[in-house]
Amino acid sequence: MSAHALALRRAFDASFAAPSRDAEQAGALVLAIRAGSQSYAVRLSDIDGVHECRKIVPLPGSPPGLRGITGIRGRLFAVHALASLLGLPEPRERPRWLLLAGGDAPIALSVTAIEACLEVSPADLVPAEGDGEGFVRELVTIAGQTRGVLVLEPLVELAKTRAGERHEGAP
C-alpha cells in the first residue's frame with residue numbers, strides 16, 4: 001500500500017478513535033475526491049467504507065457508468081463510475097478508489113483520486129445554489145479550491161435505477 005494510502009487510512013481510522021465533542025464544536029469529516037477531472041468532497045458519514053480499487057470484472061451489456069463487479073472482503077459489489085453518474089465524461093484511467101455507499105444494499109462508486117481526509121468547521125460548509133439533480137447541496141473550500149459536497153443517497157439511487165432499468169429491459 002502506498003504512503004498516501006496509509007496516511008488516508010490512518011486519518012480515516014483516527015476519526016473514529018477521537019473522543020466525541022459537543023455537536024456545536026464538532027466539524028464535519030470530509031474526503032476531498034476527484035471524479036473524472038472534477039473535484040468534490042464527500043462527508044465521511046455518508047459512506048460505508050473506502051477501498052483501494054484492485055480488480056473490476058466488466059459485465060457484458062451493462063449500462064453506461066456501470067464498470068462491472070468487484071469483490072471486497074468476501075462480498076460482491078457493483079462498481080459505478082461516480083463521474084458518469086454526475087454527467088461527466090467517464091475517465092479513461094483505471095479508478096484508484098472505491099467508496100462504498102447505500103446502506104443495506106451498498107454499491108461501490110469509483111473515483112479517480114482521494115486527495116485528503118480532513119475536518120471542516122460547520123461555518124465552512126455553505127449552501128449551494130440550486131443544483132438541478134440535487135447531488136450538491138453544500139460547498140466547501142479546501143486549500144483555496146471550492147468544491148461541491150456530494151450527497152450520495154440520490155447518486156446511489158440513480159445508479160441502482162440505471163442498472164435495474166437495463167436489467168429489466170435486457171433481452
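# A guided tour of the cores, sheets and salt bridges

Begin by selecting Ile33, Leu82, Leu99 and Leu150, which touch the most other members of the largest nonpolar core, a set of 29 residues. The coordinates on display are those of a predicted model.

Next, colour the elements that supply at least two residues each to this core: the helices α1 (3–17), α2 (82–85) and α3 (152–169), together with β1 (28–35), β2 (38–43), β6 (97–101), β7 (107–111) and β8 (113–120). Of the contributors, α3 gives the most, with four residues.

Now centre the view on Leu150. Setting aside residues up to four places away in sequence, Leu150 touches Ile33, Tyr40, Ala41, Val42, Asp46, Leu82, Leu86, Phe135, Val136 and Leu155. Another core of nine residues lies apart from the largest one; Ala28, Ala41, Ile142 and Val149 are among its members.

**The six-stranded sheet**

Hide the side chains and display the strands. In what order do the strands of the open six-stranded sheet run? The order is β8-β1-β2-β11-β10-β9, and the pairing is mixed. At the edges stand β8 and β9 (126–127), each of which pairs on one side only.

Select residues 66–72 and 75–81, which are the strands β4 and β5; they run antiparallel and are joined by six bridges. Within this pair, Gly71 stands opposite Leu76 of β5. The two strands form a hairpin with two residues between them, and Arg73 in the turn has a positive phi of about 50°.

From β5, turn to β7. Three bridges connect β5 and β7, here in the parallel sense. Val79 has Ala108 of β7 as its bridge partner.

**Salt bridges**

Show the charged side chains; the model contains five salt bridges. Select Glu115 and Arg34, whose side chains meet at 2.9 Å, N to O. This pair links distant parts of the chain, with Glu115 in β8 and Arg34 in β1, 81 residues apart. Both residues are partly exposed, Glu115 at a relative accessible area of 30% and Arg34 at 28%.

Proceed to Arg43 and Glu138, where the closest N and O atoms of the salt bridge are 3.0 Å apart. Arg43 belongs to β2 and Glu138 to β10, so this pair ties together parts that are 95 residues apart in sequence. Arg43 is partly exposed at 23% relative accessibility, and Glu138 is likewise partly exposed at 22%.

Then select Glu52 and Arg54, which form a salt bridge of 4.0 Å, N to O. Are these two residues buried, partly exposed or exposed? Glu52 is partly exposed at 29% relative accessibility, whereas Arg54 is exposed at 64%.

**Cysteines**

Finish with Cys53 and Cys117. Cys53 has a relative accessibility of 3% and therefore counts as buried. Cys117, at 18%, also falls in the buried class, for which the cut-off is under 20%. How many disulfides does a search of the whole structure find? The search returns zero.

Definitions and conventions. Residues numbered from 1 in each chain as written. Predicted model: local features only at pLDDT ≥ 70, side-chain atom pairs only at ≥ 80, totals over all residues. Heavy atoms only, no water. Core = buried A, V, L, I, M, F, W, Y, C linked by side-chain atoms within 4.5 Å. Buried < 20%, exposed > 50% of the residue type's maximum accessible area, 1.4 Å probe, protein only. Contact = heavy atoms within 4.5 Å. Pairing = 2+ DSSP bridges. Disulfide = S-S within 2.5 Å.
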